[in-house]
Amino acid sequence: MTAPIRENLSGLDLRAEIDRLRKDRNAVILAHYYQKPEIQDLADFVGDSLELSRKAADTDADVIAFCGVKFMAETAKILSPEKIVVLPDMDAGCSLEDSCPPEQFKRFRAEHPDHIALTYINCSAAVKALSDIIVTSSSAETIISQIPESQPIIFGPDRHLGGYLNRKFGREMLLWPGVCIVHEAFSETELLKLKAQHPEAPVAAHPECPPHIIDHADYVGSTSGILQFAKNFPGDTLIVATEPHIIHQMEKALPEKTFIGAPGADGNCNCNICPYMALNTMEKLYLALRDLQPRIEMDEELRLAARKSLDRMLEMASGTVGKGDLGRA
Ligand code: SF4
């Protein structure tokens, strides 16, 4: 687990110090929706991983402090090589990234030479570099709909997102067997009990959830999509099946509505809080801005290879690639 902080920071006004360093360093602070509320509240931008990296690339900041997990900070570095990118805790990983070591992925690709690799953004830069097209949960459907049905596809590393897309589009993509430990932990039994208590409340679920949760959802979409659904649905109570810290943004934007996190196995566990995201703290953010460490460093050849599959996604998500342009990168 992560190294303990050895300095005594108890006398510091961390919020004021972070604000001072943000100015001194010309830094932009990004927070993913799954961060603690105190971090979301001080960030310059709160959002999903790709949206944050793109916003940071558009600023004239010299430093990006990414309060999220490592693959997200790597994505920021891929898009902004000239900027210093710090991650408050370098142990903030992801079970999906861990499930897909680049060497194994490379072998799997070699075993299926006629398949293109469509890869969820929750993976390492090395796996991005081995992929043809990256997708996010918000761009995946637009991108798959542009790939001819005759083109075989490997989809990794999230088998639940891949399975959801297979069912929705009638495809038979080969699925890498990774899962998000957070979305995997929702309990169908407890969800049905909660629905019985709130029969009018719709369920909004992230496609990283397993099918037995998706089957009970009224809306399935990315974090940004779920937030949008929360704003638009006509009722006053919503059951939310994704990491519960996103509810902070919903409560801020819609104080008149009620948002209930979908339950885990015993109905009341904290198993749906992402343990990796939770590693980032105010103390570690302060130290990262002060010391400009831990820092994302990336070999330029790797960065350019990973950038190619990300660019492919951006082009396809905006509809600028024709079907004839698809194929192995
Ligand atoms: S919530 Fe799941 S997918 Fe997101 S960072 Fe945590 S483990 Fe990875």
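## Exercises on a predicted model

The buried residues of helix α4 are Phe71, Met72, Ala73, Glu74, Thr75, Ala76, Lys77, Ile78 and Leu79. The model is a predicted one. Work through the tasks with the structure open.

**Exercise 1. Determine how many residues of α4 are buried.**

Step 1. Locate the helix: α4 covers residues 70-79.
Step 2. Go through the buried set, which includes the charged residues Glu74 and Lys77.
Step 3. Conclude: nine of the 10 residues are buried, and α4 is mostly covered.

**Exercise 2. Sort the residues of β11 by the direction in which they point.**

Step 1. Find the strand at residues 237-241.
Step 2. Assign the directions. Thr237, Ile239 and Ala241 point one way. Leu238 and Val240 point the other way.
Step 3. Check burial: five of the five residues in β11 are buried.

**Exercise 3. Identify the pairing of β11 with β9 and with β12.**

Step 1. Take β9, residues 203-205. Three bridges link β9 to β11, in the parallel sense. Ala205 stands opposite Ala241 in β11.
Step 2. Take β12. Four bridges link β11 to β12, again in the parallel sense. Here Thr237 stands opposite Thr258.

**Exercise 4. Give the strand order of the open four-stranded sheet and name its edge strands.**

Step 1. Read the order: β6-β5-β7-β8, with parallel pairing.
Step 2. Pick the strands that pair on one side only. These are β6 (133-135) and β8 (174-175), the edge strands.
Step 3. Inspect the contact between β7 and β8. Strand β7, residues 153-156, runs parallel to β8, and two bridges join them. Ile154 stands opposite Leu174 in β8.

**Exercise 5. Decide whether Thr281 is buried or exposed, and place Thr281 in the fold.**

Step 1. Apply the cut-off. The relative accessible area of Thr281 is 19%, and buried means under 20%, so Thr281 is buried.
Step 2. List the contacts. Leaving out residues up to four places away in sequence, Thr281 touches Lys36 and Ile39.

**Exercise 6. Describe the site of the ligand and the classes of residue around the ligand.**

Step 1. Find the site: the ligand sits in the largest pocket.
Step 2. Collect the surrounding residues. They are Tyr34, Val69, Cys94, Ser95, Leu96, Asn122, Cys180, Val182, Glu208, Cys274 and Tyr276.
Step 3. Class them. The shell has eight nonpolar, two polar and one charged residues.

How values were computed. Residues numbered from 1 in each chain as written. Predicted model: local features only at pLDDT ≥ 70, side-chain atom pairs only at ≥ 80, totals over all residues. Heavy atoms only, no water. Near = heavy atom within 4 Å. 1 Å grid on protein atoms, 1.4 Å probe; cavity = no way out; pocket = protein on both sides within 12 Å on 5 of 7 lines; lining within 4 Å. Sits in = over half its atoms within 2 Å of the grid points. Buried < 20%, exposed > 50% of the residue type's maximum accessible area, 1.4 Å probe, protein only. Contact = heavy atoms within 4.5 Å. Pairing = 2+ DSSP bridges.
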